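Me: I'm new to this one and would like to learn how to read it. Could you walk me through a few features?

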Amino acid sequence: MRLRHPDGQTVHVATVVSVENVKDVRALLKTLDARVVPQRQRLFADVLSVSLRLGPVLAATLASSLGLRQRLRHELATRRLEVVTLDTGPDVTPADGSWRTWWMHTLDLARVLVDLLPEDSAHGSISTTLPRSAVPALTATGDEADAETDSAADEARRELREREWQVATRLMADLSGGLTEIAWHTGRLVRVAVEAAPKTLVTGSQDVVRLLERADPARIGACLSAAQLADAKESPAQALTRLRRARLSVVKLRLGHHADDDLAAVARSMLAAVLGGVHAGCDHLEVDGTEELDAARDELSVVGLDGAADRPMPGVGRAG
């Protein structure tokens, strides 16, 4: 779904389609026909934006075959679906525990996305959480007999965690370089949005700032959600202030239907802080399903977003 911000900018709202276990394009299309196309028809949407959660196998297959990417783009257009954003999913811990595997998967998604973007979309985005930290949390005990042992163990964990941070910040710099190379070869920009998550190195905006200290802020930024802001005990204003001071942008917002009143209030505050100003602070939004899309429409209209940006999708034989 495309909406227009009062400043004239198009804002894309995409529905997540979880296809992590799908291994080939044929199976992916069957899933879309069964689960997504009927929802587009139910919503009376000319075009439905979807955010595909592609697993490493299918992402690598698509990244290595221009023909398959072109076929998928054509099949999406035929079904009146468009893709401007992809999602690695909430748990991207590689099977081999390797950060390098996560890095390669993210770049594969970027290579796929540049060939799925609609002709009139200038850029795409990929949201990701980091692999789970291999370092256990620091322990604390009131037992004096164990204090010395615990202290030594905590020091060892701190050293391991510091090494993990070094690996992560270096890979983020490498990732921004890889995204720059893709942009140079294709002329299309893909940005990565890092989302905080429990048991990873990044649990709040302060960690995002540290993680991206060596990365290109034009290529990598933050993904914000009400749930993660609440977990980090941060208000949207606090998170945005910290990111802006570090010259980092919000690449994507993740929305949802929140039964909890406090969480719903955080979500409204987040939307107002990012999109309620004179200019849109983000133009890619993601919801977990079409039911959440229905629930989000009222919230989006409150911050001035409307459907004036809905346009026929190029390449499907309709007037444009």
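**A first walk through the chain**

Reply: Let's start with the surface. The protein chain has an accessible surface of about 14,900 Å², and 50% of that belongs to carbon and sulfur atoms. Keep in mind that this is a predicted model.

Me: What percentage of the 320 residues is buried?

Reply: Buried residues account for 49% of the 320 residues in the protein chain.

Me: And how many helices and strands does the chain have?

Reply: The secondary structure comes to ten helices and nine strands. As for how the chain folds back on itself, take the contacts between residues at least 6 apart in sequence: 81% of them join residues at least 24 apart.

Me: How do I read a pair of helices?

Reply: Two packed helices are described by the angle between their axes and the distance between those axes. The crossing of helix 1 past helix 3 is right-handed.

Me: Which residues make that contact?

Reply: On helix 1 they are V25, L28, L29 and L32; on helix 3 look for L68, R71, L72, E75 and L76. Sorted by class, the residues of this contact are seven nonpolar, no polar and two charged.

Me: Let me try another pair. Within what distance do the axes of helix 8 and helix 9 come, and at what angle do they cross?

Reply: The axes of helix 8 (residues 236-245) and helix 9 (residues 261-275) come within 9 Å and cross at roughly 35°. From helix 8, P236, L240 and R244 meet V266, S269, M270, A273 and V274 of helix 9. That contact has six nonpolar residues, one polar and one charged.

Me: Now a single residue, please. Where does R191 sit, in terms of strands?

Reply: Look in strand 6 (residues 189-195), which is where R191 has its place.

Me: Is R191 buried or exposed?

Reply: The cut-off for buried is under 20% relative accessible area. R191 has a relative accessible area of 15%, so R191 is buried.

Me: What is R191 in contact with, beyond its neighbours within four places in sequence?

Reply: Leaving those neighbours aside, R191 is in contact with H123, G124, S125, I126, A218, R219, S249, V251 and D283.

Note on methods. Residues numbered from 1 in each chain as written. Predicted model: local features only at pLDDT ≥ 70, side-chain atom pairs only at ≥ 80, totals over all residues. Heavy atoms only, no water. Left-handed = near helix turned anticlockwise from the far one by under 90°. Helix = DSSP H or I, 4+ residues; strand = E, 2+ residues; numbered from the N terminus. Contact = heavy atoms within 4.5 Å. Nonpolar A, V, L, I, M, F, W, Y, C, P; charged D, E, K, R; others polar. Buried < 20%, exposed > 50% of the residue type's maximum accessible area, 1.4 Å probe, protein only. Areas by Shrake-Rupley, 256 points an atom, 1.4 Å probe, with all protein chains shown as cover. Axes fitted to C-alpha atoms, helices over the stretch in contact; angles between N-to-C directions.
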